[in-house]
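Subject: Model handover and notes

Hello,

Here is the model we talked about. Please keep it open while you read the notes below.

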Amino acid sequence: MAYDLVCLGNPLLDIQVDVEKEFLQKYDLKENDAILVEEKHMPIFDEILKFDDIKLVAGGAAQNTARGAQYVLPPKSVIYFGSVGKDVYAEKLLEANASVGLTTAYQVQDDIATGKCAALINGVNRSLVTDLAAANHFKASHLEKPENWKHVEGAKVFYIGGFHLTVSPEAIQLLGKHAAKENKDFILNFSAPFIPQFFKDALDSCVPYADYIICNESEAAAYAESHNLGTTDLKEIAKAIAQLPKENVSKPRTVIFTQGTDPTLAVTYDFNTKEISVDEFPVHALEPSKITDTNGAGDAFAAGFTAGLVEGKDLKASIDMGHWLAKLSIQEVGPSYPFPKQTYSSQL
């Protein structure tokens, strides 16, 4: 069995609740941010478990994207790697993935719990607080097992969630080197502002393998600040990232910045011709009254975009597929997709 897409990330169970702004202030949290848990945040999990409107959703950014890509692609197209505990939370993740046909190849930790994420929703804003737990113990050696490496060799496209840079840059580099050598597409998502801020070296060590880089405007701004680019202009930031050294220069690098309801920015640099192109793509309009939950919208965009690349679509069509899937996802609760399954039709 050959899976066209291999995804790597941190599998988490999302515990999603609606909160007031005062709750965020109580724990010194920001709206529209994502952080790794500190000791002062640990009481959050016990507190929100007592809420009436609690929702448990299979999460972890790259796992959301893997599930979304499998939603779009033919059965048995996607396999996902990450680390979980041997517990009921891992079972819930497996159930959610199986519901859309996503194959998992988890590394299972016998004595560490499955990771969890408090998804704190305040209106259209969300604040994510993550306790990685078992997800923090993934090892590159798990990929190198013969039963797993055959899936790496059989894949056409690789998608990496930036959160995994806090866990195993070695695993990301292992996949990146394979992708560069075999001329396969390698996609890296920055995932959160704290990645370029506090895991700068790990990020910089993996960027050379990236054919496609995805992030939102906040993550782009954080990158510009941490790398002293001296600009807040998104186009200039994208150009700077696109031209960073690259392992496989036979492929151009494309940097994609999502901006919520504003147009998605795409900057492509060709290392052979030295040409750079800048394009903007409007998102799909949706009446505000139809928006249920924006948590996971970025993961859904990445899923649709990645599925487009797997299907051999060009940049414009792949971005359009990303916009389509994000539009579907924000009409659902959490990072999920509607059933019966809907089929993409081009809006171009």
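Some terms come up throughout. Helices (H or I, at least four residues) and strands (E, at least two) are DSSP runs, numbered from the N terminus. Two strands pair if DSSP finds at least two bridges between them.

This is a predicted model: local features need pLDDT of at least 70, side-chain atom pairs count only at pLDDT 80 or more, and totals for chains, interfaces and linings use all residues. Residues are numbered from 1 along each chain as its sequence is written, and side-chain values use heavy atoms, with hydrogens and water left out.

The five-stranded sheet

Five strands make an open sheet with mixed pairing. Their order is S3-S10-S9-S2-S4. Strands S3 (33-36) and S4 (55-59) are at the edges. Each has a single partner strand, so one side of each lacks a neighbour in the sheet. On average, neighbouring strands here are turned by 20° against each other, direction ignored. Axes are lines fitted to C-alpha atoms, for helices over the stretch in contact, and angles run from 0 to 180 degrees between N-to-C directions.

S3 pairs with strand S10 (residues 125-131) in the parallel sense, over four bridges. Asp-33 has Ser-127 of S10 as its bridge partner. Helix H3 (residues 61-72) lies across strand S2 (12-18) and S4. H3 runs at about 80° to S4.

Asn-125 belongs to strand S10. Asn-125 is buried, at 18% relative accessible area. (Buried means under 20% relative accessible area, exposed over 50%, partly exposed in between, with a 1.4 Å probe and protein chains only.) The Asn-125 side chain makes two listed polar contacts: 2.8 Å to the side chain of Asn-32, and 3.4 Å to that of Glu-31. A polar contact is a pair of N or O atoms within 3.5 Å; within protein, one must be able to donate a hydrogen and the other to accept it, and residues adjacent in sequence count only if both atoms are side-chain atoms. Setting aside neighbours within four places in sequence, Asn-125 is in contact with Glu-31, Asn-32 and Leu-120. Contact means heavy atoms within 4.5 Å.

The nine-stranded sheet

Nine strands form an open sheet, again with mixed pairing. The order is S7-S5-S1-S11-S12-S13-S14-S15-S16. The edge strands are S7 (103-104) and S16 (276-281), and each pairs on one side only. Helix H7 (residues 169-182) packs on this sheet and touches S1, S11 and S12. The direction of H7 makes about 155° with that of S11. Helix H11 (residues 234-242) also packs on the sheet, touching S13 (212-216), S14 (253-259), S15 (262-269) and S16. The direction of H11 makes about 150° with that of S14.

How much of strand S11 (residues 157-161) is buried? Five of its five residues are. Both faces are covered: Val-157, Tyr-159 and Gly-161 on one side, Phe-158 and Ile-160 on the other. S11 runs parallel to strand S1 (residues 5-8), joined by four bridges. It is also parallel to strand S12 (residues 185-189), through five bridges. Cys-7 stands opposite Tyr-159 of S11. Val-157 stands opposite Asp-185 of S12.

Cysteines

There are zero disulfides in the structure. A disulfide is a pair of cysteine sulfur atoms within 2.5 Å. Cys-7 is buried, at 0% relative accessibility. For Cys-117 the closest cysteine sulfur is that of Cys-7, at 18 Å, which is also too far. Cys-117 is buried too, with a relative accessible area of 4%.

Annotated positions

An unreviewed UniProt entry places "active site" at Asp-299. UniProt positions are in the numbering used here, feature names are shortened, and annotations may be inferred rather than shown by experiment. Asp-299 is in helix H12 (residues 297-310). Asp-299 is buried, at 14% relative accessible area. A polar contact of 2.8 Å links its side chain to that of Asn-64. Beyond neighbours within four places in sequence, Asp-299 contacts Ala-61, Asn-64, Thr-65 and Tyr-337.

The unreviewed entry also carries "domain: Carbohydrate kinase PfkB" over residues 23-341. That stretch is 38% helix and 23% strand. Its end C-alpha atoms are 36 Å apart.

Best wishes
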